[in-house]
Amino acid sequence: MIRSLCFLATVGCSIATDLSTLPDLLRTISDDVFPGLKTMSQWIHANPETSTQEFHAHDLVIDYYTTTNPGLWAATPHAYGLPTAFELDFIHKPTSFTGSDDDIPIIGFMAEYDALLGIGHACGHNHIVLNGLAAASMARQALIDLDIPGHIRVLGTPDEENTGGKGRLRDRGAFDGVDVWMMAHPTSADAVQPMQGRVDAQANFVGDTHADAVRIAYEALVLVTDLASSLPGTASTTTPVEDIGMFAINVVAQEIVFGVAGLSLQEVNSTVQGLLDDTYVGVNYTIAESNDVENGVALTIEGPGGHASEGNKSPLRLSIETFRTLTSSRTDDVSFFLPGNTTITELDITVSCRTRYTMDLDAVLDAVKSAISSKASSISTDRPYPALEVMTPVSDRFLALMHDADHGSQADWNYSTIAPAATDAGFVQDARIDADTKQLLSVGKVVFHPNFGICEGTPGAPCGFNHEPVFAQTAATEYSYGRTETVARALAQVAVEVLQDRGFMREVTRLARG
């Protein structure tokens with residue numbers, strides 16, 4: 001269905017525009033704008049930069065709109081005092097429009113471009129910046145071609161992965177004056193769904209000796225692991241997300257090196273073999289004698305890694321269960337060490353606390369602190385990421401577009417109640433929900449954040465979930481870029497329809513606090 005005769009009542013004029021040609025127009029515009037933006041996304045993928053360090057990606061976008069294609073947008077580098085944030089702004093005011101610029105409806109797009117430590121764009125943020133720029137560019141040209149009054153803003157939002165760049169931008173007023181913001185995130189499947197609340201607890205453990213420190217830290221890891229069945233809240237998890245001694249927030253380690261002293265290689269090997277069953281998907285290990293300590297045995301445990309939200313049995317989990325089994329049966333003659341690191345007596349671990357609703361984050365965090373406070377020398381936390389809620393008016397329209405022939409008749413697109421991960425877009429939405437019914441009551445801003453699959457369903461094609469190293473390969477395929485183009489066209493159409501139809505804008509923003 002095309003919203004073909006939508007009416008926008010503006011100050012001083014009334015405009016009716018037939019949007020029946022909009023899908024074909026957007027496809028034509030995409031043919032013109034998408035290839036250059038795709039090239040930029042490919043460069044960003046090939047040159048990954050971690051959170052707050054996205055200098056080249058920032059400069060590339062600014063140069064594209066000030067040197068390569070000047071005059072299309074008002075481009076602001078280092079926006080809102082953040083070195084790697086940018087802002088693009090465009091207003092189309094038809095000659096027949098008699099109102100002021102403030103009377104022109106506005107919509108925003110968010111663009112992310114930070115990568116992950118050691119595994120590059122394994123969350124696919126090169127596609128988020130591409131999607132935001134492409135959808136905004138298509139909508140911009142459609143407003144011109146159809147002579148529809150509209151204001152479009154694109155905000156480049158650095159540091160999604162680690163410390164909540166959108167939260168800092170919100171604090172600086174970056175989202176003020178725009179009630180509707182859109183973006184789309186690549187993943188392994190298509191869905192309109194909520195996103196988790198998240199807070200990370202960083203715990204420090206100190207021992208008199210290296211072996212003491214390792215034992216204390218692993219005792220804490222056992223306690224965190226055992227919280228799974230008793231956590232408060234809805235769909236809550238607490239997942240250790242870093243290798244001891246190596247900081248890699250939000251990424252489950254692909255490799256854990258763990259040492260056991262006081263037992264033979266055969267005894268340690270037998271223990272690990274007894275634990276490693278088919279619930280440890282893709283996890284394997286090697287074992288060898290170690291010269292780091294007397295009678296030492298070193299385990300190198302490898303696995304697919306992944307996202308802290310998944311809760312998979314990871315290499316770290318196998319080392320935790322090995323520690324648990326050996327300490328429960330052998331206490332006096334067994335000690336533990338980190339091969340190659342046997343002089344350190346202070347260790348850090350991070351626990352990613354996640355839950356479906358923001359209101360439950362404090363209780364989950366308190367459960368972690370209570371469990372490990374007797375072991376830890378200190379526990380600090382980062383800034384909590386609020387959960388992101390689904391808002392149906394814009395979601396309904398987007399899903400209808402993804403189901404139609406212009407966007408590939410994608411029947412797999414639907415709503416899901418599963419919150420697969422966290423996003424700092426929750427800072428922008430700032431949702432308030434009823435504590436008892438969990439009904440969405442209001443939002444600071446309307447945020448639409450569909451997740452779209454970029455895994456090609458052919459034998460041998462790379463596929464995985466976000467933060468698994470293989471997902472960086474997925475995010476570089478031609479198929480993935482084709483998927484981004486389709487989603488960007490649909491978002492552009494939604495944006496034009498919202499800008500053109502005052503009634504639709506009111507419906508979309510009904511819960512916005514303004």
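## Helix α1 and helix α3

Helix α1 covers residues 22-46, and helix α3 covers residues 125-146. Their axes come within 8 Å and cross at roughly 150°. The two helices are therefore roughly antiparallel to each other, since an angle over 145 degrees counts as such. The crossing of α1 and α3 is right-handed. Sorted by class, the contact of α1 with α3 has 16 nonpolar residues, seven polar ones and two charged ones.

This is a predicted model. Two packed helices are described by the angle between their axes and the distance between the axes. The next pairs are given in those terms.

Helix α2 runs over residues 55-68. The axes of α1 and α2 come within 10 Å, and the crossing angle is roughly 165°. α1 and α2 are therefore roughly antiparallel to each other. α1 passes α2 in a right-handed crossing.

Helix α12 runs over residues 478-500. How do the axes of α1 and α12 cross? They come within 9 Å and cross at roughly 130°. That makes α1 oblique to α12. Here too the handedness can be stated: α1 passes α12 in a right-handed crossing.

## Helix α12: length and cover

α12 has 23 residues. At 1.5 Å a residue, they should span 33 Å. The end C-alpha atoms of α12 are 33 Å apart, which agrees.

Is α12 mostly covered or mostly open? It is mostly covered, with 20 of its 23 residues buried.

Helix α8 takes in residues 361-372, twelve in number. At 1.5 Å a residue, α8 should span 16 Å. Its end C-alpha atoms are 17 Å apart, which agrees.

Which residues of α8 are buried? They are Leu 361, Val 364, Leu 365, Ala 367, Val 368, Ala 371 and Ile 372. These residues cover an arc of only 150° around the axis, which puts them on the same side of α8. An α-helix has 3.6 residues a turn, so residues three or four places apart point the same way. The face of α8 turned away from its buried side carries Asp 362 and Ser 370, both exposed.

## Two residues with positive phi

Thr 52 is found in the loop between α1 and α2. Its phi is near 70°, a positive value in a residue other than glycine. Is Thr 52 buried, partly exposed or exposed? Thr 52 has a relative accessible area of 34%, so it is partly exposed.

Lys 438 has its place in the loop between β19 (432-433) and β20 (440-442). Phi of Lys 438 is near 65°, again a positive value in a residue other than glycine. With 26% relative accessibility, Lys 438 counts as partly exposed.

## Thr 66 in helix α2

Back in α2, Thr 66 has its place in the helix itself. Thr 66 counts as partly exposed, at 40% relative accessibility. How far apart are the C-alpha atoms of Thr 66 and Thr 76? They are separated by 9.6 Å, and the two residues are ten apart along the chain.

Asp 159 is found in the loop between β6 (150-156) and α4 (165-171). At 1% relative accessibility, Asp 159 counts as buried, because the limit for that class is under 20%. Asp 159 and Thr 84 are 75 residues apart along the chain. Their C-alpha atoms are separated by 8.9 Å.

His 121 lies in the loop between β5 (106-111) and α3. It counts as buried, at 2% relative accessibility. His 121 and His 92 are 29 residues apart in sequence. In space they are 35 Å apart, C-alpha to C-alpha.

Asp 89 lies in strand β4, which covers residues 86-92. At 19% relative accessibility, Asp 89 counts as buried. Asp 89 and Ala 376 are 287 residues apart in sequence. From C-alpha to C-alpha, these two residues are 49 Å apart in space.

Conventions. Residues are numbered from 1 along each chain as its sequence is written. This is a predicted model: local features need pLDDT of at least 70, side-chain atom pairs count only at pLDDT 80 or more; totals for chains, interfaces and linings use all residues. Side-chain values use heavy atoms; hydrogens and water are left out. Axes are lines fitted to C-alpha atoms, for helices over the stretch in contact, and angles run from 0 to 180 degrees between N-to-C directions. Helices (H or I, at least four residues) and strands (E, at least two) are DSSP runs, numbered from the N terminus. Angles under 35 degrees count as roughly parallel, over 145 as roughly antiparallel, 65 to 115 as roughly perpendicular and the rest as oblique. A crossing is left-handed if the near helix is turned anticlockwise from the far one by less than a right angle, and right-handed if clockwise. Ala, Val, Leu, Ile, Met, Phe, Trp, Tyr, Cys and Pro count as nonpolar, Asp, Glu, Lys and Arg as charged, and the others, Gly among them, as polar. The expected span of a helix is 1.5 Å times one less than its number of residues. Buried means under 20% relative accessible area, exposed over 50%, partly exposed in between (1.4 Å probe, protein chains only). The arc is that of the directions from the helix axis to the C-beta atoms.
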